[in-house]
Amino acid sequence: MELVNYLRIVRRRWRMVALCLVIGVLGGVASSTLSKSSAGPGVTFYLAKHTLSSSDGTANLTRDAALCTEGEVPKRVATKLGYDNPTALAAKVTCEPHPETNLLYVAAADVDTKRSVAIADTFAEQLVGYLRDVSEQLKQTRIDTFNKQISGLQDEYSSLQQEIAGTTDKNQLSLLQQRASDIAKKVNDLKDQKNAAQSQPAVTETLTTLSTAEAVPISPSAYESLVNADPSKATAKNSPTQNATRQSQIDAAIKTGGGLNLVSRVGLGAAFGLLLGLVLAIVLDRVDPRIRTKFEAEEAFGWPVIGEIPPLTRRERNDLMLFAVDEPRSRAAEAYRVLRSALLFSHADPSLEATEEEVHPIFANTDAPDAAASAGAPLAAGAASTESGPEARVPGHVIMVTSPGPSEGKTTTAANIAAILAETGRSVLVVNCDFRRPRIHLHLGATNESRQVVDTRVPGVKLVTQVLDNPHDANPAQVLQAQRQVIRNARTMFDIVMLDTAPLLTTNDATEVLSVADQVLIVVKTGKTHKESADRAAELLERRNGPVLGVILVGATDVPTSRYYYYGDSPIEQHETEPGHETVSPLEELLHPGGAPVSGDR
């Protein structure tokens, strides 16, 4: 099946697809509401994780993880964020070292998404700042040690200088001078070391931010396990075992989420609903026993579809509209004109075998209708005349319109075909062959009179509704015999004889008049005619050798409406002429050589 066929399936069942989409959206909203209600009204939990990295691998990540939630770091964070209890604040944070990847995770859980992000980022920031301050303190301590050592040696050097000044013994003086020289060298070495320590930056651990915190929703149980830890295990906090356990809880909370937000839930629900709707539409279309497309109609009947009538609006159905008269420029009227072309240019033989039956009483004292007297063009050329002499005419063509079952648009189609054929100047007689449920007179705007040829609201179309005085009390065989006789006699008076018969599968009436029909049109309605009914109707017509021309698909929705030709009235420019002078248009010159003006309405 091509993609365009799937798109047509979706278009036919768009209501079901839209319903599934709405159900999916409502399901997403409901699941979000239930998730929130299980944790308390309006409560959602979030977890934010900040990642620190040691690029050179010199950091002691295990020690740093302990410093993150104990001692000075929580106090600094509490001061910066405005918390009174650093211990309660630290309880929301978990630091997990990963020496194998040189990463340190700082995760914070809270009921507010912005606050969880602020806590995680601030703890990571203050940890890095604290480690930097510790390094500065170690540097200053080392410098202070050098100063202390230098000061002590300088004091000792001053004392030696005093002893040297008061000593007269040469040997003792030499020893004192040697010792003073050594102390002076040590002082110089310590000063060099001190200067080097001052000039060098503090030795800090290279912890840098790899990614800042982003809050994700978590389940209430995950929040409780992260925040409300068991107090009996407080002494083991930040031990490798506990950190690994808490980190696994963090990873599980992030993966399961417990927690998708409202937008995510609605999006997933909508996607699932849309997918479900598309699948159901395709499955139902595959198992649907009703005919919905031109391909299915041709496959079910075995005959081509020669006309596709678009769906009618409620107003058009209620008003029993004849499009050739009421809306001649509508899309439905154009569809019936396409069907008319198929009828006029078909290769069916319009001639019938001669009959010796006498003229039916319905035409015994009735003159030929005006349309018949004007003898419209024959449906097919080469037909033999039924009379001799100058007034001989080609026998009329009999078109039978039927359907497999009731309420499939058969009568509406027959009335519109009659009107659209009369549009060409042909005389048309419509014979109601559905005597059990006559309705064709309602479509044509005529009265339901017995044994009468009545006028309709369509010029050129006459109607016979009842061939007997009381067909309901008569034997059906008598009614059918009278109908066949009327049809044979009407051939000599009308160009087209249109038969509106009963459905094929409800009664035997349609098959009884099949022998006098030159062409049979089968009307099926999209979404109503079943494929099994179509198969049985086709089998019945094949057994009776019915001259089936094709199938008419009523309510066809797969016709490419965007390419249908639209036209309207366009103003014609009028040229003024001087009084007493007439101009001949080029078209009139072609139609009437010599420039004679056209008179009358053409």
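**Exercise 1.** Work out which residues of α11 are buried and which are exposed.

*Solution.* Start with the inward-facing list: E296, A297, A300 and F301 are the buried residues of α11, with buried meaning under 20% relative accessible area, exposed over 50%, and partly exposed in between (1.4 Å probe, protein chains only). They sit on the same side of α11 because they cover an arc of only 115 degrees around the axis, the arc being that of the directions from the helix axis to the C-beta atoms.

Helices (H or I, at least four residues) and strands (E, at least two) are DSSP runs, numbered from the N terminus. This is a predicted model, where local features need pLDDT of at least 70, side-chain atom pairs count only at pLDDT 80 or more, and totals for chains, interfaces and linings use all residues. Residues are numbered from 1 along each chain as its sequence is written, and side-chain values use heavy atoms, leaving out hydrogens and water.

**Exercise 2.** Find what the buried residues of α11 pack against, and what follows the helix.

*Solution.* Their partners are α10 (262-287), β6 (305-309), β12, α20 and β13; contact means heavy atoms within 4.5 Å.

**Exercise 3.** Describe the largest nonpolar core.

*Solution.* Count first: 44 residues, with F301 and L499 among those having the most contacts inside it. Such a core is a set of buried Ala, Val, Leu, Ile, Met, Phe, Trp, Tyr and Cys residues joined through side-chain atoms within 4.5 Å. Then find the top supplier: α18, with 6 residues.
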